[in-house]
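Try each task before reading its solution.

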Amino acid sequence: MQIAKVRGTVVSTQKEPSLRGVKFLLVQVLDEEGQPLPLYEVAADNVGAGVDEWVLVSRGSAARQVPGSENRPVDAAVIAIIDTVSVDNRPLYNKGTQY
């Protein structure tokens, strides 16, 4: 899993039938200090995350372990919305707080 920040949404009117009803998010991977890396990807949203929230992203076959997603062609999935992150007892992120 990796920590990422939701940067936006991806809308597709035509898609593989098993992906109908799936919400897609554009996420940017963060480093260990919470700084954005130049790596973006599209992830299926399983938890209702929104723009600017920090999330956990699962990749590969693990992204398809969510019930109902086993047969979907998904490489990345948002599996959690993060409330807090601390590094060496130092708060790095707290949902709803600007650092």
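A residue is called buried when its relative accessible area is under 20%, exposed when it is over 50%, and partly exposed in between. Keep in mind that this is a predicted model.

**Exercise 1. Classify Glu41 and Arg59, then describe how their side chains meet.**

Solution. 
- Step 1: Glu41 has 18% relative accessibility, so Glu41 counts as buried.
- Step 2: Arg59 has a relative accessible area of 32%, so Arg59 is partly exposed.
- Step 3: the two side chains meet in a salt bridge, 2.3 Å from N to O. The pair links distant parts of the chain, with Glu41 in strand E3 and Arg59 in strand E4, 18 residues apart.

**Exercise 2. Which parts of the chain does the salt bridge between Glu53 and Lys95 tie together?**

Solution. 
- Step 1: the closest N and O atoms of Glu53 and Lys95 are 2.8 Å apart.
- Step 2: Glu53 sits in the loop between E3 and E4 and Lys95 in the segment after E7, so the bridge ties together parts 42 residues apart in sequence.
- Step 3: Glu53, at 16% relative accessibility, is buried, whereas Lys95, at 37%, is partly exposed.

**Exercise 3. Is Gln28 buried or exposed, and what does its side chain reach?**

Solution. 
- Step 1: find Gln28 in strand E2 (residues 23-30).
- Step 2: its relative accessibility is 7%, so Gln28 counts as buried.
- Step 3: the Gln28 side chain makes a polar contact with the side chain of Arg7 at 2.8 Å and reaches the backbone oxygen of Leu37 at 2.9 Å.
- Step 4: the residues that Gln28 touches include Ala4, Pro36 and Tyr40.

Definitions and conventions:
Residues numbered from 1 in each chain as written. Predicted model: local features only at pLDDT ≥ 70, side-chain atom pairs only at ≥ 80, totals over all residues. Heavy atoms only, no water. Helix = DSSP H or I, 4+ residues; strand = E, 2+ residues; numbered from the N terminus. Buried < 20%, exposed > 50% of the residue type's maximum accessible area, 1.4 Å probe, protein only. Polar contact = N/O pair within 3.5 Å; in protein donor to acceptor, adjacent residues only side chain to side chain. Contact = heavy atoms within 4.5 Å. Salt bridge = Lys/Arg side-chain N within 4 Å of Asp/Glu carboxyl O. Lists of a residue's contacts leave out its neighbours within four places in sequence.
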